[in-house]
Amino acid sequence: MGRKYWLLCTAMLGIACGAAVADDADRLLRIDHYVPAASTAPSMPGQMSQLYVREVVMAATALRSPDPQGVLLFVHGAGTPAEVAFDPSMRSYSWMAYLARAGFDVFSMDMTGYGRSTRPLAMNDACNVPKESRPQFIPQLITPACAPSRTQAITTMESDWHDIDAVVDHLIKVRHVQKVSLLAWSQGGPRAGGYAARNPGKVAKLVVLAPAYNRAGPAQAPNPLPTVDGPMTVQSRAEFKANWDRQVGCAAQYDGDAVHALWADFMASDPVGATWGSGVRRAPQVPTWGFNQAVVAKMQVPFLMLVGTHDKQVLPERVRELYADLGSKHKLFVELACASHNAMWEKNRELLFKASLDWLREGKVNGVAEGELKLGE
């Protein structure tokens, strides 16, 4: 008979969270936290934002002092909130759970404007969607000619870094560690990588799937922020599936049932977007800067970068450019066979999961610490 563990989250961690109960030390706990932060987002400067943080951890790990290298934070990409990207309801697809079972204390966070974190009010105005998207997604709410209430960015890369810093500082404080390791996906590359470049003393290691990178991108924020046609993006279920299907390059690359399950997770994370037409996934259109050749050339954080062979959103050659430009001597480029931009939800996902585990534990993948490696067939 296993011991019962009852975790009083506010007492242990000093933040609001849901109750978590497990009856065995080797069972996973999922705990919801909210970290307050004074927002620097241009749509809500100075207002308090509640940042949603999910923890996945073995019960036994939760009740002991963490390994100083064992605290991880996942950072999401441009459209998908972290809990869907890294801990979806199809639990065999959970990258977070895989690493938690290996003994890490694993967290993920939603930026302001995503998932269960605070959504700026501008995101509730369907007229802030680009004109070409309005008739397709939300015709019953607005007309294509409606006037947007906001014509500049809702959030920016700078405000994303501010959100990450609030969560990292909190984890360092409550877990009594000096650094955390960051894992990310897609636009999480400039989010996590740009943050690490500015805060190297707080980041132990980086693991990024399909890191978005533009070696000639801007170093600084535009001033003023440019006017845009629609500072918010939306995506329908049909577009989500079509974007995935165009990146299929081998047999049985992904299970069709995953589309249904993941889309249900999207809608659960965005109750407002779920009511627009047949349901859409909403996200801020985030202008990016500060993750270019000059910036990454100075970085020294150990960096594992991975990309799917069939990725058509972040092309493998762009990730090779990042590898070439990165200043760190401890860096590894891994190409994942039979994989797309959505590699963590595909049949070869455990190659990705295992590579991240090896890097976090040993600083190597299959015994390789630097250079290029291909995994899978």
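**A colleague's note on disulfides and aromatic contacts**

1. Let me start with Trp 95: at 0% relative accessibility, this residue counts as buried. Please keep in mind that the model is a predicted one. Phe 74 is buried as well, with a relative accessible area of 0%.

2. How are the rings of Phe 74 and Trp 95 arranged? Their centres are 5.2 Å apart and their planes stand at 70 degrees, so the pair is edge-to-face. Phe 74 belongs to strand β6 (residues 71-75) and Trp 95 to helix α4 (residues 95-101), so the contact ties together parts that are 21 residues apart in sequence. Across the whole structure, a search finds 15 aromatic pairs.

3. Phe 240 is buried at a relative accessible area of 4%, and Phe 266 is buried at 1%.

4. Phe 240 and Phe 266 also belong to one aromatic cluster, together with Trp 185, Trp 244, Tyr 254, Trp 263 and Trp 345.

5. Now to the sulfur atoms: the structure holds two disulfides. With the bonded cysteines of the protein chain numbered in sequence order, the pairing reads 1-2, 3-4.

6. In the disulfide of Cys 127 and Cys 146, the sulfur atoms are 2.2 Å apart. The torsion about this S-S bond is about -130 degrees, so the disulfide is left-handed. Cys 127 lies in the loop between β7 (105-109) and α5 (134-137), and Cys 146 in the loop between α5 and α6 (157-175), so the bond ties together parts that are 19 residues apart in sequence. Both Cys 127 and Cys 146 are buried.

7. Cys 250 and Cys 338 form a disulfide with their sulfur atoms 1.6 Å apart. The torsion here is about 65 degrees, so this disulfide is right-handed. The pair links distant parts of the chain, 88 residues apart: Cys 250 is in the loop between α8 (237-245) and α9 (257-269), while Cys 338 is in the loop between β13 (331-336) and α12 (349-362). Cys 250 is partly exposed, with a relative accessible area of 22%, whereas Cys 338 counts as buried at 4%.

8. Finally, two charge-over-ring contacts. The charged end of Arg 349 sits over the ring of Tyr 93, 4.1 Å from its centre. Lys 331 lies over the face of Tyr 323, 4.6 Å from the ring centre.

Technical notes
Residues numbered from 1 in each chain as written. Predicted model: local features only at pLDDT ≥ 70, side-chain atom pairs only at ≥ 80, totals over all residues. Heavy atoms only, no water. Disulfide = S-S within 2.5 Å. Helix = DSSP H or I, 4+ residues; strand = E, 2+ residues; numbered from the N terminus. Buried < 20%, exposed > 50% of the residue type's maximum accessible area, 1.4 Å probe, protein only. Phe/Tyr/Trp six-rings, centres within 6.5 Å; stacked < 30°, edge-to-face > 60°. Lys NZ or Arg CZ within 6 Å of the ring centre and 35° of its normal.
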